[in-house]
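These are my notebook entries on a handful of places that I looked up, one after another.

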Amino acid sequence: MSAPPVIARIDGHLGHLTLNRPAAINALTTQMITTIRRTLARWAVSDRVRTVLITGAGQRGLCAGGDIRAIHADAVSGGTASLDFWADQYRLDATVATYPKPIVAWMDGLVMGGGIGISGHASLRIVTQRSRLAMPEVGIGFHPDVGGSWLLSHAPGQLGTHLALTGTPVGAADAITAGLADHYIPADRLPHLTLALARSDAAEAVTSLATDPPPAELDTARDWIDSCYHGDTVTGIIDRLATHPDPAAQATAKVITTRSPTSLVVTLRSLRSAADLPDLPAAMVQEYRISAALLRLPDLVEGIRAQIIDKDRQPRWRPSTLADVAPRLVDTCFTPPDGRPDLTLE
């Protein structure tokens, strides 16, 4: 009998959820989301469970996101399964954000997309020396969702805009600086953390094992990031990056120009809008509208083909330039989806 994709167990006062698809870097499926939501609902009212810990099986990462191949097949066929998947996923992420007991997320290894959703809204978010966090959606014709627009729009300065428009992965220190994580604990201390969480207060257990992370990589880039990423147009941002004297800024301008033009414009508007929204649920409603619209546009299918299916890394975006991204098309990404109700998080 094959192992379940989510392992749930109780150790002392700790409810421990392990995402268990290591061959797929624990990418989320509908079955996994359903199992996690039901388990969290039971544990929320259980006197046995005082703290929840979320980890990923294997050494490669907590979670690489959603099942991208399934989304590609759904988009190609014109189906709606992805809309149901995203709705359930966003509801799970909202549950994590509002859970009545501490949730500790062990963000070891690769944590991308949906992995950020299940961990980035937790009470205590822990990174290790192996952590690499990213919201790389603009590289596949999509946008930072799962509450990513909320997290990135509230990052210090323009760090969130930089991470959203480049999809650049960051390590432990930069994740903490950007507000995507809270504490650094070396990976070999997970058994000690698990034991401490089973016996004592979550915050005390985490702080007793936390230490300073390795040096940050983005600290030296904050000046050009904050000066180049202001404003509401992607073209303006690229121009400022390309003409900045720092070679790293110039290189970043080239990276952004390889991303989906439609995704870039929609993502920047999403971040700027999310900064003015009242809360995470409002941001997720907006994200769901965007996801529904992008599912029907050609860049999502093409981006997944180029990056995941054929792996030629040569996407042919439509439209191919920022100038050709029609404002009316962008506007439709922020309206309720045709034939479907808006997202509800109950």
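I began with G115, which touches L62, C63, G65 and G120 when residues up to four places away in sequence are not counted; contact here means heavy atoms within 4.5 Å. I noted that this is a predicted model, in which local features need pLDDT of at least 70 and side-chain atom pairs count only at pLDDT 80 or more, while totals for chains, interfaces and linings use all residues. Residues are numbered from 1 along each chain as its sequence is written, and side-chain values use heavy atoms, with hydrogens and water left out.

**Entry: G115, continued.** I placed G115 in helix α4, residues 114–119; helices (H or I, at least four residues) and strands (E, at least two) are DSSP runs, numbered from the N terminus. Is G115 buried or exposed? I found G115 buried, because its relative accessible area is 0%, where buried means under 20% relative accessible area, exposed over 50%, and partly exposed in between, with a 1.4 Å probe and protein chains only. I also looked at M135, which is 20 residues from G115 along the chain, and the two C-alpha atoms are separated by 9.3 Å.

**Entry: T39.** I then turned to T39, which belongs to helix α1, residues 30–44, and which is buried with a relative accessible area of 2%. A polar atom of the T39 side chain lies 2.8 Å from the backbone oxygen of T35; a polar contact is a pair of N or O atoms within 3.5 Å, where within protein one must be able to donate a hydrogen and the other to accept it, and residues adjacent in sequence count only if both atoms are side-chain atoms. Once the neighbours within four places in sequence are left aside, T39 is in contact with A8 and L17.

**Entry: α1 with α3.** Two packed helices are described by the angle between their axes and the distance between the axes. How do the axes of α1 and α3 cross? I read that they come within 10 Å and cross at roughly 30 degrees, the axes being lines fitted to C-alpha atoms, for helices over the stretch in contact, with angles that run from 0 to 180 degrees between N-to-C directions. That makes α1 roughly parallel to α3, since angles under 35 degrees count as roughly parallel, over 145 as roughly antiparallel, 65 to 115 as roughly perpendicular and the rest as oblique. The crossing of α1 and α3 is left-handed; a crossing is left-handed if the near helix is turned anticlockwise from the far one by less than a right angle, and right-handed if clockwise. From α1, T30, I33, I36, R37 and L40 meet F85, D88, Q89, R91, L92, T95 and V96 of α3. By class, this contact has 6 nonpolar, 3 polar and 3 charged residues, where Ala, Val, Leu, Ile, Met, Phe, Trp, Tyr, Cys and Pro count as nonpolar, Asp, Glu, Lys and Arg as charged, and the others, Gly among them, as polar.

**Entry: α3 with α14.** I followed α3 (residues 81–98) to α14 (residues 280–295), where the axes come within 10 Å and cross at roughly 165 degrees. That makes α3 roughly antiparallel to α14, and their crossing is right-handed. On the α3 side I listed S82, L83, W86, A87, Y90, D93, A94 and A97, which meet L280, M284, E287, Y288, S291, A292 and L295 in α14. The residues of this contact divide into 11 nonpolar, 2 polar and 2 charged.

**Entry: α8.** In α8, residues 190–199, I found L193, T194, A196, L197 and A198 to be the buried residues. Which elements do the buried residues of α8 pack against? I noted strands β1 (6–11), β2 (14–19), β3 (51–56), β5 (103–107) and β7 (124–127), together with helix α9 (202–209).

Entry: I located V301 in α15, residues 298–309, where V301 is partly exposed at 23% relative accessible area. Apart from neighbours within four places in sequence, V301 is in contact with H72, A75 and V76. The peptide bond from R318 to P319 is cis, with omega near 0 degrees, and P319 is in the loop between α15 and α16 (327–332). R313, in the loop between α15 and α16, has a positive phi of about 60 degrees although it is not a glycine. I25, in the loop between β2 and α1, has a positive phi of about 50 degrees and is not a glycine; I25 counts as buried at 13% relative accessibility.
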